[in-house]
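Reader: I am new to protein models and would like to learn how to read one feature after another. Could we go through this one together, with the general idea first and the case at hand second?

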Amino acid sequence: AALSVISRNWRVDRKGEPVQVMVPVADMLNHRSGDSGYVDMDDSTDTFHVVSGHKYQFGSEVFTNYGEKCNEELLVGYGFTDPLNVFPCDEAVNAKTGGASSSNA
């Protein structure tokens, strides 16, 4: 249950402070490396926005980017790796995730 909450929340700034929120349906967006989409919280309307980095054709899957995470972080936090991932894991990530090497998994 804890992993479901951890892997499905969004970190946004709300009134100048970083907070984590759970947003129904937005948690269904999948990650794609290089996607320039992002999420934002509008303090004036108290609304959550998913902003696309490009246009989608009707019926296409909408993606977002989970951030600059190496494959070990993606595997531990979300249960997958990304073959197009360009972010290397460093020793701090390995210590946090229990990884054994400094290369992408």
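Reader: How many helices and strands does the protein chain have, and how do they run from the N terminus on?

Author: Helices (H or I, at least four residues) and strands (E, at least two) are DSSP runs, numbered from the N terminus. In this predicted model, the protein chain holds three helices and six strands, and from the N terminus on the elements run α-β-β-β-β-β-β-α-α. Because the model is predicted, local features need pLDDT of at least 70 and side-chain atom pairs count only at pLDDT 80 or more, while totals for chains, interfaces and linings use all residues. Residues are numbered from 1 along each chain as its sequence is written, and side-chain values use heavy atoms, with hydrogens and water left out.

Reader: What share of the residues in the protein chain is buried?

Author: A residue is called buried under 20% relative accessible area, exposed over 50%, and partly exposed in between (1.4 Å probe, protein chains only). Of the 105 residues in the protein chain, 26% are buried. The chain exposes about 7,200 Å², of which carbon and sulfur atoms supply 55%; such areas come from the Shrake-Rupley method with a 1.4 Å probe, and for residues only the protein chains shown count as cover.

Reader: Which residues make up the largest nonpolar core?

Author: A nonpolar core is a set of buried Ala, Val, Leu, Ile, Met, Phe, Trp, Tyr and Cys residues joined through side-chain atoms within 4.5 Å. The largest one here has nine residues, namely Trp10, Val12, Val21, Val23, Ala26, Leu29, Val39, Met41 and Phe48. At least two residues of this core come from each of E1 and E4. For Met41, if residues up to four places away in sequence are not counted, the residues touched are Val12, Asp13, Arg14, Asp46, Thr47 and Phe48, where contact means heavy atoms within 4.5 Å.

Reader: Is Thr64 buried or exposed, and with which residues is Thr64 in contact?

Author: Thr64 lies in strand E6, which covers residues 63-64, and counts as buried because its relative accessibility is 1%. Apart from neighbours within four places in sequence, Thr64 is in contact with Trp10, Leu29, Asn30, His31, Arg32, Asp35, Gly37 and Tyr38.

Reader: How many salt bridges does the structure hold, and where is the one of Asp46?

Author: A salt bridge is a side-chain nitrogen of Lys or Arg within 4 Å of a carboxyl oxygen of Asp or Glu, and the structure holds two. In one of them Asp46 pairs with Arg14, with the closest N and O atoms 2.6 Å apart. Asp46 sits in the loop between E4 and strand E5 (47-51) and Arg14 in strand E1 (residues 9-14), so the pair ties together parts that are 32 residues apart in sequence. Asp46 is partly exposed at 43% relative accessibility, and Arg14 is partly exposed at 30%. Asp35 and Arg32 also meet in a salt bridge, at 3.3 Å from N to O; here Asp35 is buried, with a relative accessible area of 7%, whereas Arg32 is partly exposed at 32%.

Reader: Which polar atoms lie by the side chain of Asn85?

Author: A polar contact is a pair of N or O atoms within 3.5 Å; within protein, one must be able to donate a hydrogen and the other to accept it, and residues adjacent in sequence count only if both atoms are side-chain atoms. Asn85 is found in the loop between H2 and H3 and is buried at 10% relative accessibility. A polar atom of the Asn85 side chain lies 2.9 Å from the backbone oxygen of Lys69, and a polar atom of that side chain lies 2.8 Å from the backbone nitrogen of Phe87.

Reader: How many aromatic pairs are there, and how is the pair of Tyr66 and Phe80 described?

Author: A pair of aromatic rings is described by the distance of the centres and the angle of the planes. Rings of Phe, Tyr and Trp (its six-membered ring) pair if their centres lie within 6.5 Å, and planes under 30 degrees apart count as stacked, over 60 as edge-to-face and the rest as tilted. A search of the whole structure finds four such pairs. Tyr66 and Phe80 form an edge-to-face pair, 6.2 Å centre to centre with 65° between the planes. This pair links distant parts of the chain, with Tyr66 in the loop between E6 and helix H2 (71-78) and Phe80 in the loop between H2 and helix H3 (91-97), 14 residues apart. Ring pairs also link Tyr66, Tyr78 and Phe80 into a cluster.
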